[in-house]
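Keep the 3D view open as you read.

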Amino acid sequence: PAFKNATLLATLGVMITAVSIGLFVHYVIGFSLMEVMLIGAIISSTDASAVFSIIRSRNVKLKGDLKPLLELESGSNDPMAVFLVVAVTGMIMGKDSDPLSFILLFIMQMGIGALVGIFMGRGVNYFLHKFRLSYEGFYPVFLLSSAAMVYGAADILGGSGFLAVYIAGVVLGTKDFIYKDAVMRFFDGFAWLGQICMFITLGLFVFPSEIPQVIGLGLALSAFIIFIARPLSVFISLAFSKYNFREKTFISWVGLKGAVPIILATYPLVENLPDANEIFNIIFFIVASSVLVQGWSLPLAARWLKLIKRGDES
């Protein structure tokens, strides 16, 4: 039920967030246009692990389809952010600056990625119903290898592997197949392992002694993202939706940044771009402030906006 609006937030919303952040940093702080667009692209998406963890662990029971909307948006907007980061990085390195080529690349990435995800997700589901593996433990291994095949197929065809794997997972999640509960538990643990690996990567790149240098810029950017960029993207993307002002305000507040922007911030480091280390430190500070400010306050915001289901206000 939340597919249309979540898709708008995951594409148009991410684009608006990235551009507004970039323009703010360019005209207020004075960074070069390409650098600020790279910062905007890196920090434009919300983080699925942060949103899932807080909504589920705090047992926030929201009215209507707000929960599936927020979870679907946060899980599906990473491909858009990855596309923007790769595109802007390529422009900075002088690989390609033709706007038409970027439009075609976007259509291929999103279109082929979505199609591969749908068809291969259905294909994996068909295999699970057609064939019976000899041992229960083979099913998580088969699905893990299937995820690699989905990613590879999309990448070979020029699509987004991230989007393809996500959509294939959504397709499988709507179907019933043997040992589904055991597979879900396996992937839940595997997801936590993935988050641990991402934060180990974070620890390898962060130097606490360098963080004080970006506190001023980080605070200004965090405030702009939380109170202007994210609400602007939400209210424009959902302008013709059924959601009322209170619901849009809550969706705006659930713009948590997490491990994914930090991983994307390593792209400039790998490419040895100018000011890559400073960009990484800025992203780290924004992520930390987002989780500290928005994360703990989500249940309070939901209650204040009267979006908690009746009987769950305690």
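In this predicted model, the largest nonpolar core has 45 residues. Ile21, Ile42, Leu221 and Ile283 are the ones with the most contacts inside that core. Which elements give two or more residues to this core? They are α1, α2 (33-42), α5 (78-92), α8 (161-173), α10, α12 (259-264) and α14. There's also a second, separate core, made of 26 residues, and Ala6, Leu238, Val254 and Leu307 are among them. As a general point, nonpolar side chains in soluble globular proteins tend to be buried together.

Let's zoom in on Ile283. If you skip its neighbours within four places in sequence, Ile283 is in contact with Ile39, Ile42, Ile43, Pro261, Ile262 and Ala265.

Next up is helix α11, which covers residues 245-253. Its buried residues are Glu247, Lys248, Phe250, Ile251 and Ser252. What do these buried residues pack against? Their partners are α1 (3-29), α4 (66-76), α10, α14 (276-295) and α15 (298-304). Have a look at the start of α11 too: a side-chain oxygen of Asn244 reaches to within 3.2 Å of the backbone nitrogen of Arg246.

Now for the surface. Met15, Val19, Leu23, Tyr27, Val28, Ile29 and Leu33 make a nonpolar surface patch of about 620 Å². The largest share of the patch, six residues, comes from α1.

Not counting residues up to four places away in sequence, Glu210 touches Asn277 and Asn281. With Asn277, the link is a polar contact of 2.8 Å between the two side chains. Glu210 and Phe240 are 30 residues apart in sequence, yet their C-alpha atoms are 44 Å apart in space.

| Residue | Relative accessible area |
|---|---|
| Glu210 | 22% |
| Ile29 | 34% |

Buried means under 20% and exposed means over 50%. Glu210, at 22%, falls in between, so Glu210 counts as partly exposed. Ile29, at 34%, is therefore partly exposed as well.

Technical notes: Residues numbered from 1 in each chain as written. Predicted model: local features only at pLDDT ≥ 70, side-chain atom pairs only at ≥ 80, totals over all residues. Heavy atoms only, no water. Buried < 20%, exposed > 50% of the residue type's maximum accessible area, 1.4 Å probe, protein only. Contact = heavy atoms within 4.5 Å. Polar contact = N/O pair within 3.5 Å; in protein donor to acceptor, adjacent residues only side chain to side chain. Helix = DSSP H or I, 4+ residues; strand = E, 2+ residues; numbered from the N terminus. Patch = residues over 30% accessible without salt bridge, like charges linked within 9 Å, V, L, I, M, F, W, Y side chains within 5 Å. Areas by Shrake-Rupley, 256 points an atom, 1.4 Å probe, with all protein chains shown as cover. Salt bridge = Lys/Arg side-chain N within 4 Å of Asp/Glu carboxyl O. Core = buried A, V, L, I, M, F, W, Y, C linked by side-chain atoms within 4.5 Å.
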